[in-house]
Structures are given as structure tokens and as C-alpha cells.
Amino acid sequence: MKIGIMGTGYVGLVHGAVLSSYGFQVTCMDVDVDKIKHLQDGNSPIYEPGLEELLRHSLRDGLLTFTTSPQQVIQESDVIFIAVGTPAKEDGGADLSYVRDVIQQIATYINGYKVIVCKSTMPVGTSRRIATYLDTLLTDRRSDFRADVVSNPEFLRQGKAVTDALSPSRVIIGTESSQAKETLQTIYQVHIQHHVPFLYTNLETAEMIKYASNSFLAVKISFINELALVSEKVGANIQDIATGMGLDERISPHFLQAGPGYGGSCFPKDTQAMLDIGEKNDEDLYIIRAAIAANEKQMKSMINKISEALSVNGTLQGKTIAIWGLSFKPETDDIRYAPSFEIIKGLLQQGAMVNVFCPQGMEQAKRMWSDFNNRIHYCQSEAASAQDADAIVLMTEWHQFRAHNWPMIAKTMRGNAFFDLRNMFTTDVQVREQFQYYSVGSS
Ligand code: UDX
């Protein structure tokens, strides 16, 4: 069985690399010529632990091919995974123009029975619309061929994408075709052998499971963040509260870490899309709406926390603030919807100077935040960013931020405030001694 992947973003690339590592012949297609050239040389366009090794391995074994030709990938493959981008539109809905292009290409080049698998996160109802649209195109063109559509959402986390794809928590297969179901079972044989739970549903349910999962996790984070703000005021400790809650296995301790608010390419986009789906169906989804609002409030509260501690006469003019970590989480260079940007903008607005350092996110930041390039000072290391600064704001819990000669860092600074927005050092005696220490959700 030959597999084609349309789109070499996070999902497409990781999925393609992992399927080829199972021994399948995989062809990945992207319209971006430069990206494909890099990939053909075994260079990953994204920083994702383990991915480049996997790519190089499969390229060397001849199991993985990269192309810019939709015709090649469609005609060579029995199964075509759609993993193109579905970016958020201004109104919160998803832009499905890339998906439509792929369907039109499939209708043009189809040369036999195909299973079309929707991997990108798509609004509920899209997979069925894809099936109908493709059927119409094929009928109009008097094609002898047909295709079945499957919704098979992806739950991988950035920074752990390869491990997640190799051993998923579950495999969701939404389809009404038994032939397509059997095809997917063959592809995921290894997961069946490893007793990964499989759930078979209709198309809409599979699509909803993805939105429901991400929205629920976003709600959990906003819930704990909201309580963190109160905990600070009443003298409680949010980490102990999360531990205490998490001991109840119905609640579980995961996704209860208070912080500056969630970011990334999934939660902000998917919660917004879920709201949009609700609105289009005359349902106001109060809980998800509140989670989004609480997340925005959380970032503002972080700016206020810093500003209340540092401002003089209501301004941060003359203050220099070191930001440690730009990516929305560790082990990724992704800065999309990163809380760091909202917080940097807030501090700049109040007149502060900002020095930043991130182990992986700086190149993307210079590109995506180019309007701010003359106001954000990019540094060589976290220690360099702290020199002559009045405060350090730890935005992302990169492991390398843990071990430092804290007295030395403190000595090079002008002030001594340390805002630990990830609660990395709440029990670190040295950090608490050296700095005026602020955490999230405890005093
Ligand atoms: C998420 C989902 O976890 C994954 O299953 C889905 O397929 C894609 O979206 P990802 O965006 O890579 O994955 O990151 P995740 O680890 O879930 O974190 C998302 C955001 O929530 C980050 O900004 C993170 O810092 C924040 N977060 C997470 C918290 O603030 N507290 C927590 O307890 C957990």
C-alpha cells in the first residue's frame, strides 16, 4: 500500500515520517519548492525533537519521497492524507481554501480507488462536504473512479510530536466505508498490536472529538489560571491546589499547571473555531467562550503583575526587562499565538525596553514580529539578556533555564525582580534568596 501526504506542516511531516518508519512507501507533497528541496536533503523546516533523524533514516532507506507534484502523489498513492493548513479567518472560522485545492487536484488526477483521510483539523461537517464535493466533481467529469473519505484527527503535541505519533493515546477513525476502515486498520496495524484504543465513529463525531479534546484542555488551563489569580490574593498555593485536585483520578493532575495563559497553533485556533461552529448552529458555547476570555485576561494579569512591581509614576519608562523564552512551550521553535508576544507588547506599550532570549524561537520571532524588530533586543543567551536589566520574566519553561549561577546573574542586573510565570522555581531556595521573586498563584 502506498501513502501520499498533502501538506508538509507539523502534522503532515511528522505523520509521513512516522508512517515511512513502519515500512510504508510514503510520498509527501507541498507547494513550497524551497521547503521540498530542504526536505529532500533531509533537513526539517521545523525544530521537533527526533524528526530530522527519522526523516534522514527513511530517505536513506528509500521509503520517503518529497515532491511538489500533486499529480505524482495522487496517482502513486492508494491512501491520501490531507494535512494542509486550515488557518483561522478573521471571523474565527477556518479557511478551507487549501483543502478545496487538494480535492480539485484529486478529482483531476484520480486513477483508481482512493481513500482520502482528513488529518488537518477541520470544522465539523467538512469531511462529509469533501466527500460530496469530490463525488460531484467525479460525476461531472464522468470519472470511473471513486474515493472514500475518513476523518482521522491527529492529537500530537509539539515538542513531543514524534513520540506522540509513534505511540498515540488513541486512534479515532470516522468513516462509513468498511473498505476505508480496513485500509486504516492496515496502516495502523502497529498500534493495534500495541493495544492502543481504537474508536470507530461517523465523520462528524471524529471531527468533534478533536475540537472537544482541545477545547476541554483549554478550559482546564483557564480554570486553574483563574484560580491562581484568587489564590495569590487569599494566600493559597495553586501548585498544591492542583496536586490536591489531581489526586482525584476523575480530575487528573494533567493540564493544571498555572501559567501566563495557553498559546500555540491549536488551542487558540480550535477554541475559536468551536465557538464559530456553535454560532453557526445557534448555540452559544458559554464555557468555551469563558475559557478564551479567561486566557486573554490571564495574559493581561501577567502584564499588570510586572507593571505593578516595577513601574514608577505609572510608567515602565527607563526599565529594562529580560524575557526568557519566546516559544509557546519548550522544545519547539513555534511562536504562533505565544503569550510571550502579548506580554512583550504590553510591556513595550508601557515604555519598557525589552531584551529577549529563546533557545529556538528567535529566528521565527524576528520574522513574524518584524514590525517590532527595532524595539525588541535579541540576545545571545539568557544571561546576556539579564545584563543591566531590572527584571527577568520567565515565559517558557525551557530546561536550560533551570541551572544557573544565580548570584552571578543577579550581580550583572540593575534590579532584582524575577517573574517566574511558569512556576519553575517556587521551591528553589537560591532563586528566592537572590531575587525579589514572583510566581503565578502563590505568594
Ligand atoms: C495541543 C494538544 O495537547 C494536542 O493534543 C493537539 O493535537 C494540539 O494541541 P500543543 O499545542 O502542542 O498540543 O501543546 P500543549 O502541550 O497541549 O500546550 C498548549 C499550551 O497550553 C501551551 O502554551 C502550554 O504552555 C499551555 N499549558 C499546558 C499550560 O499553560 N498549562 C498546562 O497545564 C498545560
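Biologist: Which domains does the domain assignment give for the chain?

Modeller: This is a predicted model, and the assignment for its chain gives domain 1, residues 2–201, and domain 2, residues 216–438. The centres of the two domains, taken over C-alpha atoms, are separated by 34 Å.

Biologist: What makes residues of domain 1 and domain 2 count as being in contact?

Modeller: Two residues are in contact if their C-beta atoms, placed from the backbone, lie within 7 Å, and by that rule the contact takes 14 residues from domain 1 and 15 residues from domain 2. On the side of domain 1 that touches domain 2, the residues divide into 7 nonpolar, 5 polar and 2 charged.

Biologist: How do you know which residues surround the ligand?

Modeller: A residue counts if its C-beta atom lies within 6 Å of the molecule, and 19 residues surround the ligand, the closest being Gln158, Gln257, Tyr262, Gly264 and Cys266. By class, this shell holds 10 nonpolar, 6 polar and 3 charged residues, and helix α10, residues 203–234, gives the most to the shell, with 3 residues.

Biologist: Which domains supply the shell around the ligand?

Modeller: At least three residues come from each of domain 1 and domain 2, so the shell draws on both domains of the assignment.

Biologist: Why is the crossing of α5 and α6 called right-handed?

Modeller: A crossing is called right-handed if the near helix is turned clockwise from the far one by less than a right angle, and the crossing of α5 and α6 is of that hand. The axes of helix α5, residues 97–109, and helix α6, residues 126–140, come within 9 Å and cross at roughly 35 degrees. Val99, Ile103, Gln104, Ile106 and Ala107 in α5 meet Ile130, Tyr133, Leu134, Leu137 and Leu138 in α6, and by class this contact has 9 nonpolar, 1 polar and no charged residues.

Biologist: Where does UniProt place the feature "binding site"?

Modeller: The unreviewed UniProt entry places this feature at Lys210, Phe255, Leu256, Gln257, Ala258, Gly259, Gly263 and Lys329. These positions are spread over 120 residues of sequence and are also spread in space, up to 23.6 Å between C-alpha atoms. Phe255 has its place in the loop between α11 (238–246) and α12 (267–280).

Terms used: Residues are numbered from 1 along each chain as its sequence is written. This is a predicted model: local features need pLDDT of at least 70, side-chain atom pairs count only at pLDDT 80 or more; totals for chains, interfaces and linings use all residues. Helices (H or I, at least four residues) and strands (E, at least two) are DSSP runs, numbered from the N terminus. Ala, Val, Leu, Ile, Met, Phe, Trp, Tyr, Cys and Pro count as nonpolar, Asp, Glu, Lys and Arg as charged, and the others, Gly among them, as polar. Axes are lines fitted to C-alpha atoms, for helices over the stretch in contact, and angles run from 0 to 180 degrees between N-to-C directions. UniProt positions are given in the numbering used here, feature names are shortened, and annotations may be inferred rather than shown by experiment.
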